[in-house]
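Please look over the sequence and the model shown here before reading on.

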2 protein chains.
Amino acid sequence: MIDKLISHINGICLLTGDEIEIVKELVREKKVPRKQFVHRAGEVAQYSAFVLEGCLRSYIVDQNGLEHVLQFAPENWWISDMYSFVKQKPSDLNIDALLDSNVLILSRDCQLRIFDRIPKLERYFRILTENALASSNHRTLDYLSLPAKVRYQKFCDLYPTLINTLPQKQIASYIGITPEFLSKLRSERS
Amino acid sequence: MIDKLISHINGICLLTGDEIEIVKELVREKKVPRKQFVHRAGEVAQYSAFVLEGCLRSYIVDQNGLEHVLQFAPENWWISDMYSFVKQKPSDLNIDALLDSNVLILSRDCQLRIFDRIPKLERYFRILTENALASSNHRTLDYLSLPAKVRYQKFCDLYPTLINTLPQKQIASYIGITPEFLSKLRSERS
DNA sequence: CCTATTTCTTAAGCTATATTAAGAAATAAG
DNA sequence: CTTATTTCTTAATATAGCTTAAGAAATAGG
């Protein structure tokens, strides 16, 4: 299973056999049943998680008790509370499993230590973070410039797998509308 | 002037005298008068820019001809079309100057070469990108969960300098509302 | 200084999306 | 299987924020 992570890293920068062994020692495999938390609002994020199977999400709960999804992490995605993980301060993100999942966890300590031992991995994470920022920028601009229907269509194009595995409620939350309104959009033809 | 960049880098990871010289050779100073473009939609982003004086912004123009601001970059901020800069593909962001400005520009080629020569700088940019992603996540969640008035108040708290130097129009665009509606919000008391 | 341009304000009417509610359908969990 | 829980749908009503328009104020640039 851990080979999924190795393949992912190798897709960005090739590791030697020794380096692969080091990586394998740094991460820990963990089962996360549906609805179980990987990180709770108010706590300092200890880990970043790489999803081997299943799907996690990060989200906040607002003053009215409504949830707002920041990120979905299906197979082969990393997920963390970036702010809390990097600054080692509490923030208000929650991370939990939407499906029974299996993940690898990496602590910030380990990550920082590994950056000194294997600069190639600092590069790997730099590139992942650059890509994540580019995607996030794209999402921000979509939110600023497009009506809900178009944002939904783009979501379907971008994440066709998620459309079939996740409740519509979660997708509505991600694109920033109520589930009732998404239901209405979907019932319109074209 | 270029020392502003050196100080900024030193605030994150200390450079040796030699390294400082190398950095100085890689960037180029450039004046950017108000309204002049640093990057145009449809082109491949050659440069990332570090603002020494003035203020730049990145934005898109939507189908209706309306502008939507992704980022402001006052003094000591980096700005680029991250997607285009990283992938070396065209995208639809524009970057121009809101005030007469003075910037340092760094090409992607130079940046990648410098990462191999001075790993410390790969670290510097990794950290900047992590912080930018954390901020972007925050903005996304604010947009999903807060009404315009609160988003405006948070903007005022976060960027007090910009409130006084930039046209309200630009700020309205950043927080995702029309200038007319921002004007209305501002006229309400409390 | 003077003029052109850009920005800001106000207000009336409009629309995309939210809220509430309640039943139907699907799914989870004993 | 059966029941409880969660999710989805529909529809009526409400509202935050948009559009349009037009004048006032501020600013840029000759």
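## Terms and model

The model described here is predicted.

## The surface near DNA strand D

DNA strand D is surrounded by 15 residues, and the closest are Gln168(A), Lys169(A), Ser183(A), Ala148(B) and Thr178(B). Of the atoms of DNA strand D that come within 4 Å of the protein, 76% belong to sugar and phosphate. From chain B, a polar backbone atom of Thr178(B) is 3.2 Å from a phosphate oxygen of DNA strand D. Sorted by class, the surface near DNA strand D has 5 nonpolar, 5 polar and 5 charged residues.

## The surface near DNA strand C

Around DNA strand C there are 15 residues, the closest being Ala148(A), Thr178(A), Gln168(B), Lys169(B) and Ser183(B). Sugar and phosphate make up 74% of the atoms of DNA strand C that come within 4 Å of the protein. The largest share of this surface, 3 residues, is supplied by α9(B), and at least two residues come from each of α9 (179-187) of chain A and α8 and α9 (179-187) of chain B.

On the side of chain A, a polar backbone atom of Ala148(A) is 3.1 Å from a phosphate oxygen of DNA strand C, and a backbone N or O atom of Thr178(A) is 3.2 Å from a phosphate oxygen of DNA strand C. On the side of chain B, an N or O atom in the side chain of Ser183(B) lies 3.0 Å from a phosphate oxygen of DNA strand C. By class, the surface near DNA strand C has 5 nonpolar, 5 polar and 5 charged residues.

## Two crossing helices in chain B

Two packed helices are described by the angle between their axes and the distance between the axes. In chain B, the axes of helix α6 (residues 148-158) and helix α8 (residues 168-175) come within 10 Å and cross at roughly 120°, and the crossing of α6(B) and α8(B) is right-handed. On α6(B) the contact is made by Ala148(B), Arg151(B), Tyr152(B) and Phe155(B), and on α8(B) by Ile171(B), Tyr174(B) and Ile175(B). By class, this contact has 6 nonpolar residues, no polar residues and 1 charged residue.

## Salt bridges

Side chains of opposite charge can pair when their charged atoms come close. Over all chains the count comes to 24 salt bridges. One of them joins Arg57(A) to Glu67(A), with the closest N and O atoms 2.9 Å apart. Arg57(A) lies in strand β4 (residues 56-61) of chain A and Glu67(A) in strand β5 (residues 67-73) of chain A, so this pair ties together parts that are 10 residues apart in sequence.

Key: Residues are numbered from 1 along each chain as its sequence is written. Chains are lettered from A and ligands numbered from 1 in the order in which they are written. This is a predicted model: local features need pLDDT of at least 70, side-chain atom pairs count only at pLDDT 80 or more; totals for chains, interfaces and linings use all residues. Side-chain values use heavy atoms; hydrogens and water are left out. Axes are lines fitted to C-alpha atoms, for helices over the stretch in contact, and angles run from 0 to 180 degrees between N-to-C directions. Helices (H or I, at least four residues) and strands (E, at least two) are DSSP runs, numbered from the N terminus. A crossing is left-handed if the near helix is turned anticlockwise from the far one by less than a right angle, and right-handed if clockwise. Contact means heavy atoms within 4.5 Å. Ala, Val, Leu, Ile, Met, Phe, Trp, Tyr, Cys and Pro count as nonpolar, Asp, Glu, Lys and Arg as charged, and the others, Gly among them, as polar. A residue is near a molecule or strand if one of its heavy atoms lies within 4 Å of it. A polar contact is a pair of N or O atoms within 3.5 Å; within protein, one must be able to donate a hydrogen and the other to accept it, and residues adjacent in sequence count only if both atoms are side-chain atoms. A salt bridge is a side-chain nitrogen of Lys or Arg within 4 Å of a carboxyl oxygen of Asp or Glu.
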